[in-house]
Amino acid sequence: MRAIEFREYGGPEVLEVVEAEVPEPGPGQVSVDVAYAGVNFADLKARSDGYRVAALPYRPGLEVSGRVRALGPGVDGFAVGQEVTALTDAGAYAEVVVADAVTVFPLPEGVGLRTGATLPTVLPTAYALVHSVGGIRPGDSVLVQGAAGGIGTVAGQLAKAAGAGAVYGVVSDAAKAKHALDHGYDEVFVGGFTEEVREATGGRGVDLVLDPVGGDTLRTGLASLAPFGRLVSFGNASGAEPWTVGQPELYPRGLTVSGFSVLALAKTAPAELRALAERAFAAVVDGVVSLPVTAEFALAEAAGAHRLMGARKSVGKLLLRVGGDEG
């Protein structure tokens, strides 16, 4: 089978097409003939910085859609040929992948394979940020960093559906601002947001901040919170040193800081992830949210997908077409 690997860290050019043996599922695992694979910022961090890479060579990719190829010992509830979507620990840039059965999900009714590949990381993450961790309440004001990305696109829609009083987004350019405004945001700030947030909220600040950036942006988001506000960190795209907060930042206004990683939850509490994913996928089936695929690349063109995402010009979701029919 064909797969994409890198043998050294660097730019998109280190990604190469290789021929590899077809993996067999072990106990509690499922193998999947891949139709589409999602492209995530974590894949770029793995390639450039070694994020979550245990050893080289490494095969990136965290999510796929496709059809069940084989079941490992002890797995039931799936059938060979069944259309599924799956969260993988790595290796999704390949024609066949293996995933733990607990992170493999039947494709929701009415959802095709192309859309299915957008679900495993983005939908549960956005749902957790807004609901499970963020604890949104009707009337809350929400500020989302990276509002035009995959998670940001979904989070804005989920917040509006939950009765948010106002949903604000932060993006890096005008094209991204338009995308966010088309997907649930009331107002979008380009670049800086400190004064803009205070002005939009009459000086009060927002009730919930969702931050994938870290560093100075996280601290500015913390300063933008209203009394008793909550901030949820779900990434460190800035590459800054790990942040710390304590009594000086939290006590004066009763603030709360939380964190979330869908990949960590898959390791530590897979049953909770499964329940979370099922609730999140229902939002797609019910038409509450949509996540547009804005660019699609052949498997062998994975470097092109990384270049586009790395340029910070992409919106919505990027996919690799692997086996490829809509299904």
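Me: In β10, which residue is the bridge partner of Y168?

Reply: This is a predicted model, in which local features need pLDDT of at least 70, side-chain atom pairs count only at pLDDT 80 or more, and totals for chains, interfaces and linings use all residues. Residues are numbered from 1 along each chain as its sequence is written, and side-chain values use heavy atoms, with hydrogens and water left out. Helices (H or I, at least four residues) and strands (E, at least two) are DSSP runs, numbered from the N terminus. In β10, Y168 has as its bridge partner E187.

Me: How many bridges join strand β9 to strand β10?

Reply: Two strands pair if DSSP finds at least two bridges between them. Strand β9 covers residues 166–171 and strand β10 covers residues 187–190, and the two run parallel. The number of bridges that join β9 to β10 is four.

Me: What is the handedness of the β-α-β unit that β9, helix α5 and β10 make?

Reply: A crossover is right-handed if, with the strands pointing away from the viewer, the path from the first strand over the helix to the second runs clockwise. Helix α5 (residues 174–181) forms the unit together with β9 and β10. The unit of β9, α5 and β10 is right-handed.

Me: Within what arc do the buried residues of α7 fall, seen down its axis?

Reply: Buried means under 20% relative accessible area, exposed over 50%, and partly exposed in between (1.4 Å probe, protein chains only). In helix α7 (residues 215–223), G215, L218, G221 and L222 are buried. The arc is that of the directions from the helix axis to the C-beta atoms. The buried residues of α7 line one face of the helix, because they fall within an arc of 110°.

Me: How many residues of helix α3 are buried?

Reply: Helix α3 spans residues 122–132 and is mostly covered. Among its buried residues are V122, L123 and A126. Of the eleven residues in α3, the number buried is nine.

Me: Which residues does V154 touch, not counting residues up to four places away in sequence?

Reply: Contact means heavy atoms within 4.5 Å. A nonpolar core is a set of buried Ala, Val, Leu, Ile, Met, Phe, Trp, Tyr and Cys residues joined through side-chain atoms within 4.5 Å. In the largest such core, of 54 residues, V154 is one of those that touch the most other members. With residues up to four places away not counted, V154 touches V122, L123, A126, V289 and L291.

Me: How far apart in sequence are the parts that the pair of F6 and Y58 ties together?

Reply: Rings of Phe, Tyr and Trp (its six-membered ring) pair if their centres lie within 6.5 Å; planes under 30 degrees apart count as stacked, over 60 as edge-to-face and the rest as tilted. F6 and Y58 form a tilted pair, 5.5 Å centre to centre with 50° between the planes. F6 lies in the loop between β1 (2–5) and β2 (16–19), and Y58 in the loop between α1 (41–49) and β4 (63–71), so the parts tied together are apart in sequence by 52 residues.

Me: Is F6 buried or exposed?

Reply: F6 belongs to one aromatic cluster with Y9 and Y58. Y9 has a relative accessible area of 38% and is partly exposed. F6 has a relative accessible area of 0%, so F6 is buried.
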